[in-house]
Amino acid sequence: MTTTSILRRASALAACMFALVCGPAAQADEPGSPVCIAPAQPGGGFDLTCRLAVKGLKQSGELKAPMRIVYMPGGIGAVAYDGIVAQHPDEPGTIVAYSGGSLLNLAQGKFGKYTVNDVRWLAAIGADYGVVVVREDSPYTDLESLMQALKEDPTKIVFGAGGTMGSQDWMKAVLTAKAAGVDYRKMRFVAFEGGGEAVRALYGGHIQVYMGDASEAFTIQEGGTPIRILAVFNDKRLPGAFANVPTAREQGYDIVWPLIRGFYVGPKVSDKDYRFWVDAFDRMMDTPEFAKLREQEGLFPYAKTGAELDAYVKEQVKRYATLADSFGLLRK
Amino acid sequence: MNRPARTQRSLKTLLLGRLVPALVGVMLIGLGISNNQLRGQVDAAYDRSLAGALRAMDLNISTTSGGLSVEQPYLLFEFFQLTASNGHVYYRVATEDGLAEIGSQGLPLPDKPLISGQPQFFYADYLGERVRIAAMARPMSPPLFNNDAGRVIVQVAESLETRRDFVHSALAQSASVDTAIIVISLLVVIWSVFTALKPLERLKDDMARRTTDDLSPVRAGDVPAEVRPLIDAVNVHMARYTDQARMQRQFLDDASHQLRTPLSVLQAQINYALRESDPQEIRDALLAMQDGLDRAVRTCNQMLALARAKNPALSEAQFEAVDLDALVHSVVRGLLPAARKRGIDLGLDLPDPGETKPVTVSGLEWLLREALSNLVDNAIRYAPAGGLVTVRVTSLDDATTLAVEDNGPGMSPDDIAHAGVRFRRGAAGKNKPGAGLGLAIVDTIAKAHGARLEIDNRAPGGGLHVALVFARGEDPYP
């Protein structure tokens with residue numbers, strides 16, 4: 001499938017959904033025909049984010065009209081970003097899902113000519129955190145022993161992940177190698193088709209470390225695969241099942257890698273409509289029902305909206321850019 | 001001239017009008033061709049580096065874990081960045097069924113099926129930009145679970161900025177060089193055309209500056225070799241005119257010179273006659289004047305005949321068959337009184353008219369008559385009283401001869417050598433009346449007819465033998 005056909009289909013979809021925008025609104029403030037765009041194929045992290053918003057907003061009664069999910073795959077969010085900024089910048093009923101990975105790509109200039117300033121960042125409704133996973137019978141019992149082995153011979157430790165070079169999984173591996181004092185150029189990294197394949201390789205002994213996310217690791221563990229989580233990349237321990245997993249910081253390595261999930265709207269969406277969405281998400285995230293939904297989807301609490309989120313996103317993209325640059329990922 | 005505008009086009013317009021567009025056309029075609037070739041070469045060169053990246057990626061693919069994986073050493077990444085120094089590089093490693101996919105999702109596949117192990121290069125659009133893609137398929141080893149015969153497809157793509165920039169800069173370079181060559185060539189062509197035609201311009205100016213009576217040869221100078229025959233022809237023509245003009249001047253000079261003496265003699269005789277009262281003396285004076293006038297008239301006629309014989313307008317085209325027999329009879333009959341007066345035996349020696357057909361030569365009857373009259377007249381004058389003059393026509397296979405013989409004093413070898421010179425009187429003619437034009441006229445007429453004038457002294461008994469020999473070339477009147 002070529003990009004043009006993706007774009008064409010995307011704009012066709014957009015055209016039909018945007019045509020309904022001016023229909024009768026269920027509430028005076030509510031934009032008509034709410035749509036959540038998941039910039040990927042169904043079943044991924046973006047789909048999960050949209051489903052959480054659909055359920056949450058419906059459950060809390062913030063949206064009267066049912067919100068539809070539209071899939072717009074391409075360039076890890078680049079196609080959707082381009083569609084919103086260039087073609088439909090003023091659709092008040094449309095929110096687009098993003099993740100920390102989107103911000104990382106944005107920072108690396110992978111969204112074409114557009115920058116972080118080209119959309120209105122609306123909300124972050126949850127977060128995931130990087131984890132270091134080894135086999136349960138691995139000789140590495142904590143982060144320290146892994147770091148020592150890595151220091152001794154970087155070629156013996158192979159990192160694996162579902163993402164490719166430059167992705168946030170690769171970033172986590174590089175940060176780990178860097179923390180061990182190993183040249184990131186010497187680090188061995190194998191990209192898999194997905195987390196599941198990587199874990200299978202971990203179990204087959206083809207890789208020694210799997211760089212994943214907490215929610216994913218939780219699912220794997222629940223599924224009965226014997227793994228050991230050496231560290232979580234957050235400034236404090238995670239709740240629930242992860243309460244006994246120490247942070248990297250606790251073990252003397254300052255690696256923090258949150259992965260937020262949320263939404264943005266078009267750059268020309270009015271302040272009134274933007275306000276509506278901010279208020280709706282604020283109120284939704286205050287409800288215990290939403291906390292439960294979020295937990296079901298494996299996301300950890302992270303609530304930021306409006307100006308506060310906007311500032312955070314821009315700051316984060318700046319940090320990502322610096323980081324990517326330090327690893328030679330940015331073109332001069 | 002109905003089409004002066006077309007036929008009057010200058011050589012300069014013609015040359016430049018064809019050379020310049022042709023030159024520009026050829027150069028543009030050349031530029032187009034080199035543009036095409038350059039694109040092909042650049043594509044080939046960049047495709048090679050793309051193939052290198054493809055191979056490097058391929059070497060890092062593994063299916064030993066049971067799933068598709070690609071080890072991504074940093075070196076590979078650096079290698080990729082070198083592949084496209086200022087553009088995007090994409091890669092995709094996927095199973096042929098597309099179920100497992102690593103890297104850039106949905107990177108387009110070629111239209112033609114991939115042959116295992118052979119990279120295929122093609123252009124496609126990806127994420128809104130034009131990319132060049134190298135794609136290769138190969139069997140997976142070991143194969144993936146449930147996918148025994150499946151192949152893995154490796155694709156590496158780069159956006160076109162780098163090769164486009166390269167092509168553009170190379171094209172700009174070759175275009176600027178070509179443009180410079182075109183401009184220089186044009187200047188050389190224009191300069192060459194102008195310098196080549198400059199002598200012609202100079203020639204035109206020279207001719208325009210000439211005074212009306214300037215008939216000197218045209219200076220060829222640096223005129224191109226092709227034009228020189230034209231100038232030579234013009235010069236020959238001018239020389240002819242110069243000759244004619246000189247001849248006319250000469251004639252006028254001669255005429256006035258020759259007529260002055262008899263006229264002043266006449267004047268003296270008239271003065272004498274007017275002073276005389278004796279009728280007998282007056283009559284003698286008038287008779288003397290009649291003689292003088294006769295001579296003057298004869299000189300006039302001779303000079304006119306000479307001028308006519310030298311007329312360049314005479315040509316063989318006007319020639320006709322002249323019956324020598326009739327001509328000789330007619331001339332001799334006319335001069336019989338003069339011969340009889342001096343008691344000269346004027347005889348004829350002609351071929352027997354009964355045996356052969358009439359002897360003819362090709363020429364102008366009045367000119368030949370003039371020549372023969374002069375010869376016979378001369379013979380009558382120089383032969384002693386009661387002498388012998390014979391007019392003889394002989395016709396042989398190779399020549400026809402018209403001869404006049406006398407038994408006079410003959411001519412010295414020096415006089416014979418100068419026989420054709422006008423107004424020169426031989427030693428024998430010192431005390432005879434005449435202007436010295438006779439043999440000059442005969443000589444001129446002979447030349448006009450392509451005949452030879454032969455003058456020699458008859459060895460025994462003296463006397464002169466003068467003959468016009470008409471060589472029988474191709475006789476048009478057999």
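Modeller: Strand 11 (residues 388-395) of chain B pairs with strand 12 (residues 399-406) of chain B in the antiparallel sense, over seven bridges. This is a predicted model, and what follows is computed from it. Three residues make the hairpin that joins strand 11 of chain B to strand 12 of chain B. Within this pair, Val391(B) has Val404(B) in strand 12 of chain B as its bridge partner.

Strand 11 of chain B also pairs with strand 9 (residues 345-349) of chain B, here in the parallel sense and over five bridges. In that pairing Val389(B) of strand 11 of chain B stands opposite Leu346(B).

These strands belong to an open sheet of five strands in chain B, ordered 9-11-12-14-13, with mixed pairing. Strand 9 and strand 13 (452-457) of chain B are at the edges, each with a single partner strand, so one side of each has no neighbour in the sheet. From one strand to the next, the twist averages 15 degrees. Helix 8 (residues 365-382) of chain B lies across strand 11, strand 12 and strand 14 (464-471) of chain B. The helix runs at about 25 degrees to strand 12 of chain B.

Chain B has another open sheet of five strands, in the order 4-3-7-6-5 and with antiparallel pairing. Its edge strands are strand 4 and strand 5 of chain B, each of which pairs on one side only. Here the twist averages 25 degrees from one strand to the next. Strand 3 (residues 89-95) and strand 4 of chain B pair in the antiparallel sense over three bridges, and Val93(B) has Ile102(B) in strand 4 as its bridge partner. Helix 2 (residues 11-59) of chain B packs on this sheet, touching strand 3, strand 5, strand 6 (129-139) and strand 7 (151-159) of chain B. The direction of helix 2 of chain B makes about 140 degrees with that of strand 7 of chain B.

Next, the interface between the chains. In it, 25 residues of chain B are in contact with 27 residues of chain A. On the chain B side, the elements that give two or more residues are strand 2 (69-71), helix 3 (74-83), strand 4 (101-103) and strand 5 (120-126). By class, that side has 11 nonpolar, 11 polar and three charged residues. Strand pairing also crosses between the chains: strand 6 (residues 188-192) of chain A and strand 2 of chain B pair in the antiparallel sense over three bridges. Ala191(A) has Val70(B) as its bridge partner there.

Last, a helix in chain A. In helix 10 (residues 288-296) of chain A, the residues Phe290(A), Leu293(A) and Arg294(A) are buried. Seen down the axis of helix 10 of chain A, the buried residues fall within an arc of 100 degrees, so they line one face of the helix. They pack against helix 2 (45-59), strand 4 (120-135) and helix 9 (271-286) of chain A. The face turned away from the buried side of helix 10 of chain A carries the exposed residues Pro288(A), Glu289(A), Lys292(A) and Gln296(A). Just after helix 10 of chain A, Gly298(A) takes a positive phi of about 85 degrees.

Note on methods:
Residues are numbered from 1 along each chain as its sequence is written. Chains are lettered from A and ligands numbered from 1 in the order in which they are written. This is a predicted model: local features need pLDDT of at least 70, side-chain atom pairs count only at pLDDT 80 or more; totals for chains, interfaces and linings use all residues. Two residues are in contact if their C-beta atoms, placed from the backbone, lie within 7 Å. Helices (H or I, at least four residues) and strands (E, at least two) are DSSP runs, numbered from the N terminus. Ala, Val, Leu, Ile, Met, Phe, Trp, Tyr, Cys and Pro count as nonpolar, Asp, Glu, Lys and Arg as charged, and the others, Gly among them, as polar. Two strands pair if DSSP finds at least two bridges between them. Axes are lines fitted to C-alpha atoms, for helices over the stretch in contact, and angles run from 0 to 180 degrees between N-to-C directions. A residue is buried if 20 or more other C-beta atoms lie within 10 Å of its own, exposed if 12 or fewer, and partly exposed in between; C-beta atoms are placed from the backbone. The arc is that of the directions from the helix axis to the C-beta atoms.
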